Amino acid sequence: MGESFVIANILEHSITGIVNPMSTELQLKVFAGPSTGKVLYSHSLTSSSFNTARGEIRIGRDSLCEVCIKDRALSKHQAHIVFTAEKGWELFDGYNGKESANGTWLYASSDVEVCDGLVFKAQQLISKVAVSYTHLT
């Protein structure tokens, strides 16, 4: 079994210093192994090849996925990325209501808000946050 690492870059295109969310470009690249640096997917929202009606990019082993990675450790539908004008780009595990077999892990290169139920992995330790509130009298 292998391990696949994909890096997602969101490239912001601006006119006179003002960023328009609809002009962003999502670029997915291989991060490790012999194909390091290979661009798997690169499209902007204004590209005619980005299906705004469906508004999603599927990642997995299945040949119907927009990003098909031939790695037996991946699920047929490992994850999918969705764009909405309200939230921008969002990553979800699995596809069509079915989770992937091993989960999809997000590497945080910046601070992430901690909330109840957040699951994170540090080395081989997987932790789940449970927020509890105590009322002081």
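Is Asn96 buried or exposed? Asn96 is exposed, at 69% relative accessibility; exposed means over 50% relative accessible area, buried under 20%, and partly exposed in between (1.4 Å probe, protein chains only). This is a predicted model, where local features need pLDDT of at least 70, side-chain atom pairs count only at pLDDT 80 or more, and totals for chains, interfaces and linings use all residues. Residues are numbered from 1 along each chain as its sequence is written, and side-chain values use heavy atoms, with hydrogens and water left out.

**Overall fold**

- The protein chain has eleven strands and zero helices. Both are DSSP runs, numbered from the N terminus: helices are H or I with at least four residues, strands are E with at least two.
- Along the sequence, the pattern reads β-β-β-β-β-β-β-β-β-β-β.
- The protein chain has 137 residues, and 27% of them count as buried.
- Its accessible surface is about 10200 Å². Carbon and sulfur atoms hold 53% of that surface. Such areas come from the Shrake-Rupley method with a 1.4 Å probe; for residues, only the protein chains shown count as cover.
- Take the contacts between residues at least 6 apart in sequence: 26% of them join residues at least 24 apart. Contact means heavy atoms within 4.5 Å.

**Arg58 and its partners**

- Arg58 forms a salt bridge with Glu66. The closest N and O atoms are 3.0 Å apart.
- A salt bridge is a side-chain nitrogen of Lys or Arg within 4 Å of a carboxyl oxygen of Asp or Glu. By this rule, the count is one.
- Side chains of opposite charge can pair when their charged atoms come close.
- Arg58 is buried, with a relative accessible area of 13%. Glu66 is partly exposed, at 26%.
- The charged end of Arg58 also sits over the ring of Tyr95, 5.7 Å from its centre. The rule asks for NZ of Lys or CZ of Arg within 6 Å of the ring centre and within 35 degrees of the ring normal.

**Buried positions**

- Gln78 lies in the loop between β7 and β8 (79-84). Its relative accessible area is 7%, so Gln78 is buried.
- Beyond its neighbours within four places in sequence, Gln78 touches Ile59, Gly60, Asp93, Gly94, Ser100, Gly103 and Thr104.
- Glu56 belongs to strand β6. Glu56 counts as buried, at 13% relative accessibility.
- Glu56 and Leu91 are 35 residues apart in sequence. Their C-alpha atoms are 9.7 Å apart.

**Surface positions**

- Phe5, Ile7 and Phe31 form a nonpolar surface patch, with about 270 Å² of accessible area together. Patches take residues with over 30% relative accessible area and no salt bridge; like charges are joined within 9 Å, nonpolar side chains (Val, Leu, Ile, Met, Phe, Trp, Tyr) within 5 Å.
- Ile7 sits in strand β1 (residues 6-11). Ile7 is partly exposed, at 32% relative accessible area.
- Leu64 is in the loop between β6 (56-60) and β7 (67-68). Leu64 is exposed, at 62% relative accessibility.
- Leu64 and Lys76 are twelve residues apart along the chain, and their C-alpha atoms are separated by 9.3 Å.
- Asn96 is in the loop between β9 (88-93) and β10 (119-122). Asn96 is not a glycine, yet has a positive phi of about 60 degrees.
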